[in-house]
Amino acid sequence: MTPPAVQASWPTPRPDQEPMRDAMLNRWIFSVQALSRFSPYLPDEDARRIKLAFEWIEPEMTRVVQKRPKVKEAVCPFVQPSLEAGLFYFALAEPNPTLEPVKAVEMELRHFTPWFATMAPAEGNQKRLRTLVIVFPDAYEPYLHQAIDTKTSSAKTDLIAQGLMMGEFYQSCPFSATWDPQSFPLRSPVPFYALRTLIETDWRFIKAEPEWQALYIRQFGQPNAKISSLGESKCPITRAKRWVKSWLKQWF
């Protein structure tokens, strides 16, 4: 796989943030500051996937787009602040090869959840900047969505119940941006899940599921009008298509 044309700049490493084999997780964890020094620790293929993930995430997620008539902001407004705060981490998933692939991916996601939920800072405003990117082997890409599909798994619901939000990223991801149905910002060159703290404006991502709505309201209360309207297209055709899709999902 060829790396993207735009190459990210490697952050200046800090001595106290070497790559580590976390004792609790028994997995490799890398701070962004340590990424440029991890090669000696990993097989070439693992190093390639981590490096490619970062080189795609930094330019793509910080790219400024028009989200509303008078609002321009980054594709993901949290990535740059998280990078600058030193709270952006990468991990290498090691799915259990003896399990059915979908179950192996789900169990790997659940394996990381307690660690992320308690990682510092656990309180205050910086808690919202914590980010963990869990990079999977390429062979598991077809199973990333199935592993969190609400029809067969409670994994994503359990995350939301713990005050966490996640995104799924892979080459063929079919989900478009909430601000533009023709844009597909989750199509990454390597498969990964991204975990962060659930925030009030995540209503746009979870309002399609009644159970998720209830969990959100338990944490934040009813969303106000401004938050409720986030992600709503002004195009009547697009809104009609989304309503039909939601209706079909509810009944079939």
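Mentor: Arginine 48 is partly exposed, with a relative accessible area of 26%; buried means under 20% relative accessible area, exposed over 50%, and partly exposed in between (1.4 Å probe, protein chains only). This is a predicted model: local features need pLDDT of at least 70, side-chain atom pairs count only at pLDDT 80 or more, and totals for chains, interfaces and linings use all residues. Residues are numbered from 1 along each chain as its sequence is written, and side-chain values use heavy atoms, with hydrogens and water left out.

Trainee: Which side chain meets arginine 48 in a salt bridge?

Mentor: A salt bridge is a side-chain nitrogen of Lys or Arg within 4 Å of a carboxyl oxygen of Asp or Glu. Arginine 48 lies in helix 1 (residues 44-61), and its partner, 90 residues apart, sits in the loop between strand 6 (131-135) and helix 4; helices (H or I, at least four residues) and strands (E, at least two) are DSSP runs, numbered from the N terminus. At 3.0 Å, N to O, the partner is aspartate 138.

Trainee: Where do the buried residues of helix 6 lie, seen down its axis?

Mentor: The buried residues of helix 6 (residues 210-220) are Trp212, Leu215 and Tyr216. They fall within an arc of 100° (taken from the directions from the helix axis to the C-beta atoms), so they line one face of the helix.

Trainee: Which exposed residues does the face of helix 6 turned away from its buried side carry?

Mentor: The buried residues pack against helix 4 (155-161), helix 5 (203-206) and helix 7 (225-229), contact meaning heavy atoms within 4.5 Å. The face turned away from that buried side carries Pro210, Glu211 and Arg218.
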